[in-house]
Amino acid sequence: RYDIRVWQTDEGLPQNSVNAIAQTPDGYLWVGTREGLARFDGVRFAVLDDKAAPYLKHSAINALCVTRDGSLWIASESNGVTRFQQGRFTHYLKADGLPDNQIQCLLEGRGGELWLGGETGLAQFQEGRFTNFLASDKLHNNSIKGLHEDAQGILRVATVTGLVSLNREGLVSTN
């Protein structure tokens, strides 16, 4: 038997359609919706302050990822990716090296690198910079829908036209 509780906009969510949930080391749950981001302390929601990250206020949040260093990465539908670390937001866009501003999925790899799947390609964030992988790099399709790293460290990339494997040497092969 389970007790069920439903939280919606009446309880403080920015919007009822939840796309992503992640928990940061401080215990907060972060909830990404079609209309923005909220932090949940177990009792109430706090919608992200306009001044802290105005570009996230009404953005559709596609994915959230907490990395080993305690950072919360926030992927949005049209506003790139944002890193929340030690109380500070850092915003990255195509101009900063992303393949595009529509990021759909996030994954921290075994080596601590962050993988980002976008509408027009795959990117890796490591040591403060982005490296892009596109269809011209044997990526099956540029539209990335999901990411998974297996026990052998092979990155599985789900695209709209198939599954691709990326090994540590950076070689891409289709399955």
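This is a predicted model: local features need pLDDT of at least 70, side-chain atom pairs count only at pLDDT 80 or more; totals for chains, interfaces and linings use all residues.
Local features were taken at pLDDT of at least 70 and side-chain atom pairs at pLDDT 80 or more, while totals for chains, interfaces and linings use all residues. Residues are numbered from 1 along each chain as its sequence is written, and side-chain values rest on heavy atoms, without hydrogens and water.

Strands are DSSP runs of E with at least two residues, numbered from the N terminus. Two strands count as paired if DSSP finds at least two bridges between them. By these criteria, four strands form an open sheet in the order 9-10-11-12. The pairing is antiparallel. Strand 9 (103-108) and strand 12 (129-133) stand at the edges. Each has a single partner strand, so one side of each is left without a neighbour in the sheet. On average, neighbouring strands of this sheet are turned by 25 degrees against each other, direction ignored. Such angles are taken between axes, which are lines fitted to C-alpha atoms, and run from 0 to 180 degrees between N-to-C directions.

Within the sheet, strand 10 (residues 114-118) pairs with strand 11 (residues 121-126) over five bridges, in the antiparallel sense. L114 has F125 of strand 11 as its bridge partner.

Strand 7 (residues 81-85) and strand 8 (residues 88-92) also pair in the antiparallel sense, over five bridges. Here F84 is bridged to F89 in strand 8. The hairpin of strand 7 and strand 8 has two residues between the strands. In this hairpin, Q86 takes a positive phi near 50 degrees.

The structure holds zero disulfides (pairs of cysteine sulfur atoms within 2.5 Å). For C65, the nearest cysteine sulfur is that of C105, 10 Å away. C105 is likewise in no disulfide, and its nearest cysteine sulfur is that of C65. Burial was assigned from relative accessible area: buried means under 20%, exposed over 50%, and partly exposed in between (1.4 Å probe, protein chains only). C65 is buried because its relative accessible area is 9%. C105, at 7% relative accessibility, also counts as buried.

I4 lies in the segment before strand 1 (18-23). I4 counts as exposed because its relative accessibility is 77%.
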